[in-house]
Amino acid sequence: MDYLWLVIATVITLIAPFAVAVLAGVDRRITARMQNRVGPPIMQPIYDLMKLLAKTKMLVNKGQIILATLYVTMSILALWMFVAGADLLIIFFVLSAAAAFYTLAAYSVLSPFSQLGATRELIQVLAYEPVVLMVFFGVFLVNGSFSSAATDNMLILWLPLTFAAMILVLLVKLQKSPYDVAEAHTEIVGGPEIEYSGKFLALVKVGHWYEAALMFAVISLFFGHPNLYIAFAGKLILVFLALFIVILVDNSTARLRFGQMARVVLTYGLALTAVNALVVWAVQEGVIPWP
Amino acid sequence: MALKSLIKSPWILHFDTGSCNGCDIEIFATLTPLYDVERFGILNRGNPKHADVLVLTGPVTQKTRSRLLNLYEMMPGPKLVMAVGDCACSGAPFVNAYNTMGGVDTVLPVDIYVPGCAARPEAVIDGVVKALEKLGKLAAGEPAPPAHMREAGDIPLEVYDPEAAAAKAKAATAAAKPAAAKGAKDAPKEEV
Amino acid sequence: MQLIETLALLTILLPTLGALLAFPAGDKARKWVVLAFAAAIILVGGVMTLMFLYEGKGAVDLGKDSLGVDINAWVWGITALDLALMVFLLYLGARSRSIIAVVAAILQMVIVVGFEAWHGFGEAPAMPFVLDRLALVLVAVCCIIGSLIAVFSIHYMEGRAKKGRFFAFVFLFLGAMNGAVLSNELLWLFFFWEVTTLCSYYLIFHDETPEAKASARLALEITLWGGVALAAGIAYAGWKYGTLEMDKLMGMGDLAGLGLVIPALLVIGGMTKSAQVPFQSWLLGAMVAPTPVSALLHSSTMVNLGVYAIIRMAPLLKLYLPLSYTIALAGGITFAATAGLALTQRNVKRVLAYSTIGNLGLVVMCVGINTPASLVAAVFILLFHAVSKGMLFLSAGVIDHELGTKDIEEMGGLSERMPFVTMIIVLGSVSMMLPPFGLFAGKWLSVEAATQMPMLLLLLGVGSAATVLYYTKWVGRLISRTHATPKPAEPLSMYYKVPLGAIAAGILMLSILTPFFANSFAFNMLPAGYASPHGSAAADLLASNSYIWIGAVFLFLAAGLALPIALVAVKDKDKAKVYTCGEDIEPQVAGHYFGGERTETTLTDLAVSVCAGLAIAVMLLPYIAEVF
């Protein structure tokens, strides 16, 4: 094991939330422009975070904070493991651990919105986790292994449908319409996040940013090139493209009911990834001739 | 430091304490893309634990008073209170009604008053700008106008006394009678 | 005779003696009998395990020569007892007025007696018992977890009738389970198998309510027919291939073709024992039994006997891969379907029952995939599931005993009323699905293995997500209150705390030792004919590099726990009320059960029809193998 790489991975993990904050700012700006208005400055999420850190301390119970911290540590761990090149499957399980802790934190307060949000969050997990597993399987088929280290394979050419399924997952994970079911702002007032304030809300936000960073890192897996600079530029462009598609869908659709969301994401996600995997297998076995 | 960061990202919680919803509609209009308050970093959070500015309409009816206090307590500091509309500022036509407290500042210390019936979105935005200015002054340590509270009933009441009013009216007609009688003598007699 | 051989035999004989002593004893005396024998069995099992590991053996043959006892006497004894047992089972079937059970019992007798008559009684097997690595895992679990459950039952069964019968059957079962796992001679396996059926019947029957009687009857029916399948397979093996010893059968390559009927029938028998879909209804019904019974028989030990038999058949299944893959598919569908079914349940014991069936389905799936890494995954899941699920059932038993409820919706606020039990449940649930615990390692290996059969990945994904869902739902309900003022916490009896604490410590220790367990133990336990699993990436990671990843997970978990506990000081002024739109009400919340009974019926019907079809396919495939 290359220990220098572990150190680099730690540094990247520490910088990641700032990068995602900028991405979130860009997201809000582009959304604003799509709605024919000016929008906040790109650094707005950082200002939000700083303001939250400066508020007075307020919480409902300590268990909530402990579970929220566990959620954030698991998210950080998942990203660190990804950058350090771990097996995608252990990252998958750490991600589900993070989601479980987030939900438990929401369950630990007796607020109707929090409990509703927690149940919806679980249904969301039921919707996207199998799809993520199948996306990782697609990566396995093309790359030959479950390692998350970057390869030279141009996965997006092999796995376009899987990429589309990943966009679906991204929509769910980033809580974008039509799948922003758990944190359905106008429906259940913030859902699982409702009972956090100040520092602790900032903590949960940073946890969300780490999860988003991981999702974007998975998206960046889809581009590969032997030349380091081209690979880096290509990954960046792919991430922005995915972000743009997500923002576009967010602004053009209305929220689905949670049952509908689970059904749509599961059926379309599993179908797309399964068909893509089948085609890739057929090409690899020589059943379908491909240049 | 806390106040300075609040300037860049004031999140609001809107609560209607019994208004006719006229000001509420104007506030929702302010939050639409047309007026675009998000460029100030303002977000409408539905939940006091996330909010910094409490935007209130309505003259605080007796029933909403306890809920309002609950919400105010649930907001972590530092926080501002903004009273939007005449009813919230001073109670307007409902100031002496038996079921209202007569304005937000009888219950909570108000930082910004935005008058109007209904307060226009431009006025609301102006109010927000003044709030941010106040925060800037507080953050810099300069003197700034304080939050204001008053006793319910500070505004002098004119209670309608029917006997006094009748006496006043009688005196007025009595004063007008000689003048009318004088004028009537010169008038030609009506044909019977 | 060597010490290990003695200890191995003692794991069968000692519990049987305990059963004989516990039955007639008075209450006070019985308590001491149970404690003494439980301690003795743990000691025997523990020492045997440690000696086995220390001497680094692959297997210990308990053959004719090494045992030094008169095996012929044993054969006569077991044959006689077997016949008596089958007659008694017939009587039980008749007493329950179950034609199905009676017919099954008669069929069993016909097959076994007919075969023995043809074969000739009293021919002693060369190697009746074998203690290899796989058997060691199961014997250790049975001895240690089983004894702890017996200790737990001392307090749990207080105030209930017929305790003598209860403890007698619990100990008899422990002995029979060990005997079945150690058996190399198939007819002896059959005998011990049927003894466990008998114990299961009486333990489910224990409360003697109409429900208990009906559930015991259903269990008898299904497991007796499983016994018929087992007997048929064994008789065929003896008739056609002239041997009844498993190790000799494994070496026979000419079993391909019609000979595959043997593993097929044994697999079907194992599936009934492990309550796989379509045979799962008896396990659901068995949840009316006292909770220690559910913990012992229906999660930690007896149901493992079925999948143990299936794991033993793996080398034979490898001879015809379509058969193996059909079984894998059946296991995968069981896993996904039961995970979905567990979502609809409000009764915590039924949730845990469906979870058990699902995890055993996962084991069956791994065996069906039949690669070295998948077999290791099967053993991992088997071991860690047995330990965690036993602990979860015991915790459910404590809640049932102290609070009188099995309904999840009534368990709100348990973290204040019974903090110890809540922590145990949190540990148990987390160890069932999340890293860094052992079951996650098993699931990791099984996902890697499932890339051979991508259809299974879909089932695995849905099943794992649903697993996270129903455990989180349950634990979430435990840590959230439903009333303003909870009742104060009652002190817990030591009979509860010690077993729960011991198993919890065991889970933590085993999980930390996962890489060691993988490297030096699991990877070397594969039967002949399988390459080392060191080719698979996950297996490699588990063995060598995993210290970094698993260590990182432990580190981050510890940090996530320690930092807020240490750094976040909560004063009263910091506490806020929850947001209820400003109202001063005490919210009441309920969980989501995905349609409850209606969904359960639909999903069960779907899963049963598909898996029944697969079971029929399993029976028919040997004939297809013969033709092609």
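Which residue stands opposite B:Trp11 in strand 2 of chain B? The residue opposite B:Trp11 is B:Leu43. The legends below describe close-up views of a predicted model.

**Figure 1. The open sheet of chain B is built from five parallel strands.** The strand order is 2-1-3-4-5. Strand 2 (43-44) and strand 5 (112-114) of chain B are the edge strands, each pairing on one side only. Strand 1 (residues 11-16) of chain B runs parallel to strand 2 of chain B, and two bridges join them. In this pair, B:Leu43 of strand 2 stands opposite B:Trp11. Helix 2 (residues 22-30) of chain B lies across strand 1, strand 3 and strand 4 (80-84) of chain B. The angle between helix 2 and strand 3 of chain B is about 140 degrees.

Figure 2. The mean pLDDT of chain B is 84, and 88% of the residues of chain B reach 70 or more. Where pLDDT is low, the predicted coordinates should not be read in detail.

**Figure 3. Two loops of chain B carry backbone features of note.** B:Asp36 is found in the loop between helix 2 and strand 2 of chain B. Phi of B:Asp36 is near 50 degrees, a positive value in a residue that is not glycine. B:Asp36 counts as partly exposed because it has 19 C-beta neighbours inside 10 Å, whereas a buried residue needs 20 or more. The other loop, between strand 5 and helix 5 (121-140) of chain B, contains B:Ala118. B:Ala118 is joined to B:Cys117 by a cis peptide bond, with omega about 0 degrees.

**Figure 4. Chain A meets chain B through 25 residues of chain A and 17 residues of chain B.** Helix 2 (residues 44-53) of chain A supplies five residues, the largest share of the side of chain A that touches chain B. That side of chain A divides into 11 nonpolar, nine polar and five charged residues.

Figure 5. A:Ala32 is placed in helix 1 (residues 3-34) of chain A. A:Asn251 is 219 residues from A:Ala32 along the chain, yet their C-alpha atoms are separated by 9.7 Å.

**Figure 6. Chain C touches chain A through 51 residues of chain C and 52 residues of chain A.** Helix 21 (438-450), helix 22 (454-479) and helix 25 (537-567) of chain C each supply at least two residues of the side that touches chain A. By residue class, this side of chain C has 35 nonpolar, 11 polar and five charged residues.

**Figure 7. Chain C contains 26 helices and two strands.** The radius of gyration of chain C is 24 Å, close to the 25 Å that the globule rule gives for 628 residues, so chain C is as compact as a globular protein of that length. The C-alpha trace of chain C spans about 85 × 60 × 50 Å along its principal axes. Of the 628 residues of chain C, 59% count as buried. Among contacts in chain C with a separation of 6 or more, 84% are between residues 24 or more positions apart.

**Figure 8. C:Asn304 lies in helix 14 (residues 302-312) of chain C.** C:Asn304 counts as buried because it has 27 C-beta neighbours inside 10 Å. Leaving aside neighbours within four places in sequence, C:Asn304 is in contact with C:Leu138, C:Leu382 and C:Ala386. C:Ala256 is 48 residues from C:Asn304 along the chain, and the C-alpha atoms of the two are separated by 27 Å.

**Figure 9. The loop between helix 11 (261-273) and helix 12 (281-285) of chain C contains C:Pro278.** The peptide bond from C:Val277 to C:Pro278 is cis, with omega near 5 degrees. C:Ala275 also lies in the loop between helix 11 and helix 12 of chain C. Although C:Ala275 is not a glycine, its phi is positive, at about 55 degrees. C:Ala275 counts as buried because it has 31 C-beta neighbours inside 10 Å.

Notes
Residues numbered from 1 in each chain as written. Chains lettered and ligands numbered in written order. Predicted model: local features only at pLDDT ≥ 70, side-chain atom pairs only at ≥ 80, totals over all residues. Contact = placed C-beta atoms within 7 Å. Helix = DSSP H or I, 4+ residues; strand = E, 2+ residues; numbered from the N terminus. Nonpolar A, V, L, I, M, F, W, Y, C, P; charged D, E, K, R; others polar. pLDDT = per-residue confidence, 0-100. Rg over C-alpha atoms; globule rule 2.2 N^0.38 Å. Buried ≥ 20, exposed ≤ 12 C-beta atoms within 10 Å, placed from the backbone. Pairing = 2+ DSSP bridges. Axes fitted to C-alpha atoms, helices over the stretch in contact; angles between N-to-C directions.
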